[in-house]
Amino acid sequence: MKKFSLDSASKEILDLAKKENIRTVWERYELQQPQCGFGLLGLCCTNCNLGPCRIDPFGEGAEFGVCGADRDIITARNLLRRTTAGSACHNDHGRDLTLALLTLAEGRTQGYRIKCEEKLKNLAKEFSIPVENKSLEEIAGDLAKKILCEYGQQEGEITFAHRAPKKRQGLWRKLKIMPRGMDREITEALSRTNMGVDNDLRSLVFSCMRVALSDGWGGSMVATEISDILFGLPEPIRSQINLGVLKEDEVNLVVHGHVPLLSDIVAQVAMEEEFIQKAKEKGAKGINVVGICCTANEVLVRRGIPVAGNFLQQELAITTGAIELMLVDLQCIMPALARVASCFHTKIISTHEKARFYGIEHIEFREQEALDIARSLVNLAIENFPNRDKSRVNIPKERMDVVVGFTTEGIFHHLGGKFRATYRPLNNAIIEGRIRGVVGVVGCDNPKNLSGGSHIQLVKELLRNDVLVVQTGCAAIACGKEGLLRPEAAFEYAGLGLREVCEATGLPPVLHSGACVDNSRILIECCEILKEGGLGEDISDLPVAGTALEWMSEKAIAIGWYCVASGIFVVFGTPLPVLGSRNLEKFLTQELFEIVGGGWAFEEDPLKAAQLIIKHLDKKREKLKLKAMMYPVLSPEELREINQKRTSEVILTK
Ligand code: BF8
């Protein structure tokens, strides 16, 4: 196996899995080699029953599919299908939360309440909903109904798109990519990809942007905002990350998936005295709720619930032999889980009506009975504790401290203080050359790359070059395991300018903002920077970039697209499956910059990817005529030396 995680906890459990003959994602990946070249290049078409067709990448065999579609049409159409599937996932996630808000407003939920009144009222204002003389529930009901209407809206523009800078909105209108309604865009994009509908590369690419914008400024933003209303606006909170958060002497209950409706209430119920007592009666010291993937990020940033791992660690977590119950809802759940769990006492239960798994028991979660269902699930976990085979429990010791929970709203206070809540200090730090720019490092972990390690190498290089990093998703978990989400990381890895900012504010140099839907927070942060002034008038003017080197899910493609369409430079590691068409590749990596101010680059090497990003940030800085960077970029050795000096100074002054 050539590439494997830098994370020693994962290595330890993978070795154990091999000994026990348990196949994991890494072996399955090896067994798939060589992967289908047509698929990697995007040259295979299965859209109609004239096919499946594939185009010969070397130009020697078939140039056209049976219908006459060439490489440009096939690759662009495939890309649109994948972008649409990714957007659909986020949009549906937002819908689930909106429906839950409506159910709450109608007084039909158990255990939920409106936790962020201020956000509810602000959103009501944004959606032109009168709030005077109305209860919170009435406002919530009106808001939920308005948002649901936007899902099915046929004409017009989605409300959150109006949060974008005026110039950007104008461009979207001019290019006819302003999203009208979330479901409208998904349906239209899919219908365009049918045999014999849209057969123009540019038009298909524009459709990619429109459908993805309905996600980033639509469904994902809805998911973030409503989660904040229901579960509270995240605030900086300490916690821990990695397999070592599992406890040998407690009932371990893992929440895995994406929609926080169940995970949040399970975390709440597991603290009830009655259950803790019951766990003790079964021989455990307590109940340990931990998370995996994005639902983990949701309860991490709001409740400080520890994270057992990211996407690639889901099978490894079960292989520790220490998990009583794993609750899965939807997205990024490996169908392999049932096979791994069958080797242990671990019970897996699927909970979402849309996601069933062969070999996994299903207990459907409903907000109307949220508390009852959560209690019965916690009970199941406790009941399963005596079935644990103690001789097969292997919990690695690795767990890392993190500080997480940084939001668009929070940045006002973290940087400007309570009395002068403002983005001004951030803007000034960029303008004066302490911070080179801001980069979102997001997305999945993938065995094709370094299984999380690519994010770590990239982020360290960015920090050394005074780049402030904002993170979500599994990339954030990877960097958390490495210790990059601690304020102390600024002294170990940040360049001198960034370090000054972190030292003054106490912020870590890498800001964890939540789950993948919370990439919408990063869009709004760009808008706030612009509103504060001094850094241009459109997102494409800003020294910012986005990257998902280890992307895996179609959702990552959608995220990449809405960033590009918003004017952001996006770097993926393994290329999008478009290299079968030179025209499409050129359009995405060159021509799009002239049209939307953002575009794509593909670079697998994390250090080279960092350099591409740094070059881009510098180009933007130059265009804005910003000052040169305040300090020279030091080598990792020089940074270490300064850090050691500082540590000894601290010891001496004590
Ligand atoms: O939505 S980062 S592996 S868990 S797709 Fe999945 Fe990728 Fe993780 Fe979250 Ni996002």
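Analyst: Buried means under 20% relative accessible area, exposed means over 50%, and partly exposed covers what lies in between, with a 1.4 Å probe and protein chains only. Because five of the five residues of β12 (residues 467–471) are buried, the strand is largely enclosed by the rest of the structure. Helices (H or I, at least four residues) and strands (E, at least two) are DSSP runs, numbered from the N terminus.

The model is predicted, so local features need pLDDT of at least 70 and side-chain atom pairs count only at pLDDT 80 or more, whereas totals for chains, interfaces and linings use all residues. Residues are numbered from 1 along each chain as its sequence is written, and side-chain values use heavy atoms, with hydrogens and water left out.

The partner of β12 is strand β11 (residues 437–441), which runs parallel to β12 and is joined to it by five bridges; two strands count as paired if DSSP finds at least two bridges between them. Within this pairing, V439 stands opposite V469 of β12.

Helix α19 (residues 473–481) is enclosed as well: nine of its nine residues are buried, so the helix is largely surrounded by the rest of the structure. The buried residues of α19 include G473, C474, A475 and A476, and K481 is also among them. After α19 comes G483, which has a positive phi, near 90°.

D7 lies in the segment before α1 (8–19) and K481 in α19, so the pair ties together parts that are 474 residues apart in sequence. Both D7 and K481 are buried.

The segment before α1 also holds L6, which is partly exposed, with a relative accessible area of 39%. Apart from neighbours within four places in sequence, L6 is in contact with K11, L450, G453 and I456, contact meaning heavy atoms within 4.5 Å. The C-alpha atoms of L6 and Q457 are separated by 10.0 Å, although these residues are 451 residues apart along the chain.

Beyond this part, a search of the whole structure finds 50 salt bridges. In one of them, K354 is paired with D92, with the closest N and O atoms 2.7 Å apart. This pair links distant parts of the chain, with K354 in the loop between β8 (347–350) and β9 (361–362) and D92 in helix α4 (residues 71–105), 262 residues apart. K354 counts as partly exposed at 41% relative accessibility, and D92 counts as partly exposed at 22%.

Another salt bridge joins R210 to E185, where the closest N and O atoms are 3.6 Å apart. R210 lies in helix α9 and E185 in helix α8, so the pair ties together parts that are 25 residues apart in sequence. R210 is buried, with a relative accessible area of 15%, and E185 counts as buried at 2%.

The loop between α8 (182–192) and α9 (201–231) contains M195, which is partly exposed, with a relative accessible area of 36%.

As for the setting of these elements, the protein chain has 26 helices and 16 strands, and 62% of its 654 residues are buried. Of the contacts in the protein chain with a separation of 6 or more, 76% are accounted for by residues 24 or more positions apart. A compact globule of 654 residues would have a radius of gyration near 26 Å, and the 24 Å of the protein chain agrees with this; the radius is taken over C-alpha atoms, and the globule rule is 2.2 Å times the number of residues to the power 0.38. Along the principal axes, the C-alpha atoms fill a box of roughly 70 × 65 × 65 Å.

Conventions:
Salt bridge = Lys/Arg side-chain N within 4 Å of Asp/Glu carboxyl O.
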